[in-house]
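Hi there,

Here is the structure I promised to pass on. Please have a look at it first, and then read my notes below.

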Amino acid sequence: MATGTVGPSDGMRAHLSAFLFRHRLLKLAALLGAPAGWFVVIYLGTLFLLFATAFWHLDAFTGLVVKRFSLANFQTIAHDPVYRTIILRTLGIALAVTLTDIVLAFPLSYYAARQAPARARNAVLIAVVLPLWANYLVRIFAWRLILSPGGLLVWLFEKIGVHWSIGYSNVAVWITFSYLWLPYVVLPMYAALERVPGSLLEASSDLGARGWKTFRSVVFPLIVPGIVAGSIFAFSLTLGDYIVVQLVGNSRFIGNVIYDNVGVASNVPFAAAFALMPVAIMSIYLFIAWRLGAFEAL
Amino acid sequence: MCGVPSLEADLSDVEPVPPTPAVRLEGVVKRFGDVVAVDRIDLDVREGEFFSMLGPSGSGKTTCLRMIAGFESPTAGRIALGGRYVTGLAPYEREVNTVFQDYALFPHMTVAENVGYGLMVRKVPRADRRRQVADALEMVRLPEFGERRPAQLSGGQRQRVALARALVMRPKVLLLDEPLGALDLKLRQAMQIELKEIQEEVSLTFIYVTHDQEEALTMSDRLAVFNRGRIEQVGSPAEVYERPATGFVAGFVGVSNVLEGEAAAAVAGDPHPFTIRPEKIEMHELDAAVDGDSCSATGHVREVVYLGATTRYIVELDAGASLVVMQQNLATSSMEALQVRGKAVRLIWRRSNNRPVEAPAGALEGSMDQEEAQAS
């Protein structure tokens with residue numbers, strides 16, 4: 001068939017395409033139907049169930065879930081100092097991990113986005129992303145082997161005559177988390193830095209500002225959304241994780257409490273109530289970020 | 001003693017010491033890898049003049065500007081500002097300011113904060129700063145816009161803010177990198193006049209980079225025509241237009257009408273290449289009389305472009321070249337002008353308008369580069 005002739009099937013296609021063009025809502029529905037359905041049912045649905053379950057409680061005698069509204073779980077969380085300590089510990093480590101990652105990510109992403117020639121930039125980015133190809137558990141076990149008592153680090157220290165071990169501790173948890181989430185902080189920061197036009201830096205320099213001043217007054221305000229995006233990853237992922245804590249730590253975090261209550265104690269309502277804690281903390285975190293104007297320049 | 005000029009004689013007819021140039025480039029070279037962007041340029045820009053660097057894209061004019069600003073450092077050669085060598089200095093150590101092609105306004109700051117940025121860096125007290133910012137915004141006719149954000153401004157307004165931000169620093173030299181390039185024609189013409197007025201008002205040295213020859217001719221006191229990293233000619237707009245030094249200049253500044261070789265010999269009696277401006281040529285019937293002071297050539301009208309006030313004719317000469325002829329539409333209508341297509345005509349112009357030029361090879365390329373530059 002010569003090109004340009006319109007066959008019957010083309011006519012059908014043209015009809016369909018014209019129909020969709022006239023009914024834009026339908027087109028939008030066809031485009032977003034599946035992901036929106038997934039999002040509403042699976043994501044918001046579970047979140048709602050979580051929320052509802054948090055207000056049920058476990059009958060201490062029968063061990064059965066009582067499906068009646070009660071604040072019992074929240075009272076336990078508020079009054080038991082163990083839970084308060086666990087929440088504060090998780091929060092503290094999450095903040096430390098977030099800060100560490102921001103500090104580590106900035107020079108990397110600045111170099112990749114603004115200074116490196118194309119080849120070096122790709123090398124840096126690949127190096128940052130490469131660990132994501134390895135299994136998460138494998139990477140945590142690697143850190144366990146490095147940090148544990150009798151591990152690689154201890155052995156290295158002994159070689160130079162120092163007897164010191166990080167062992168299974170919060171420091172080990174902090175190091176491992178910082179390592180795990182670094183790519184998630186580097187990438188948005190890199191994207192934000194790359195979006196800052198070079199002429200803005202030149203203009204600042206042209207107007208008399210040295211490097212540090214340009215960073216404070218021009219670069220930093222413009223990449224705050226990228227930093228916040230990265231910090232949300234590092235912060236929220238730390239709040240929710242329990243495997244790292246199990247493998248390299250010696251204390252309990254929010255995630256472990258939830259895990260234990262779902263599994264060992266089969267107190268699902270309490271687990272749900274405790275799961276709302278990181279949700280609440282994240283909400284406060286986002287609220288603060290929003291109030292600081294972090295999303296204005298998005 | 002004889003033959004050796006005495007010291008006294010030297011002193012008596014001594015020339016006035018030339019004033020220190022605002023900007024001096026001495027043998028400046030800039031290479032990017034294998035590419036020579038700027039190839040041994042010497043240039044003096046005088047104090048207080050409106051100086052344009054004109055040339056097609058990739059001719060080295062912007063690189064020159066960026067080296068004066070300090071964003072690039074020359075591979076070889078020296079740069080002086082107001083008699084002081086600044087070759088190795090950073091941009092923040094130079095008393096020049098730049099108006100960027102994309103304006104480079106800080107998007108997270110208000111207009112007033114943008115304009116006051118340099119003063120803030122200089123630690124000018126807040127009250128002083130506010131007054132100077134207000135004055136600068138007044139000068140660019142945006143007095144009420146201090147609290148807006150750059151995103152809320154039109155292109156022309158952003159352009160003025162960028163200008164105010166540089167002017168408020170009272171630089172020795174203001175560098176403008178195709179500042180009107182992104183504006184539409186009407187606005188650009190209005191801004192050209194305004195820029196020139198502002199320059200006269202503040203009596204600063206302006207160095208203005210453009211690929212638009214009309215802009216360069218309208219605004220400049222002097223201009224330099226760049227081609228392939230070199231300067232082809234420096235002079236006043238009239239000099240450059242009336243007496244182009246090379247075929248490239250003739251082609252780039254105005255329309256390229258270069259005749260050379262056989263065609264030149266047939267028309268002017270000398271094979272040396274020369275250029276003739278399109279508006280100097282008259283178009284007549286074939287049997288028109290030619291006097292001894294004039295050149296004449298016969299040919300056919302190949303193309304007619306009606307431009308409103310003028311009409312441009314492209315005439316294929318029987319001698320084997322073509323000439324562009326520009327005629328005022330004094331009594332011609334578009335219909336009449338278009339009917340001339342295909343007609344045999346005789347072109348006549350005064351021999352004294354012929355300008356001999358060098359380097360005919362560059363001429364054609366020049367005109368093509370210009371079309372490209374104007375299209376972009």
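How many residues of domain 1 of chain A are in contact with domain 2 of chain A, and how many residues of domain 2 do they touch? There are 8 on the domain 1 side, and they meet 9 residues of domain 2. Please keep in mind that this is a predicted model.

For orientation, the domain assignment of chain A places domain 1 at 15-65 and domain 2 at 80-291. Their C-alpha centres are 30 Å apart.

Now to the interface itself. Together the two domains of chain A bury about 650 Å², and 86% of that area is on carbon and sulfur atoms. On the domain 1 side, the residues that lose the most area to domain 2 are A:Leu50, A:Ala54 and A:Leu58, which together account for 60% of what that side buries.

As for where the domain 1 side comes from, α2 (24-53) and β1 (57-58) of chain A each contribute at least two of the residues that touch domain 2. The largest share, 3 residues, is supplied by α2(A). Sorted by class, the side of domain 1 that touches domain 2 holds 6 nonpolar and 2 polar residues, with no charged ones.

Best wishes

Technical notes
Residues numbered from 1 in each chain as written. Chains lettered and ligands numbered in written order. Predicted model: local features only at pLDDT ≥ 70, side-chain atom pairs only at ≥ 80, totals over all residues. Heavy atoms only, no water. Domains from an automatic or database assignment. Contact = heavy atoms within 4.5 Å. Buried area = accessible area lost by both parts, 1.4 Å probe. Helix = DSSP H or I, 4+ residues; strand = E, 2+ residues; numbered from the N terminus. Nonpolar A, V, L, I, M, F, W, Y, C, P; charged D, E, K, R; others polar.
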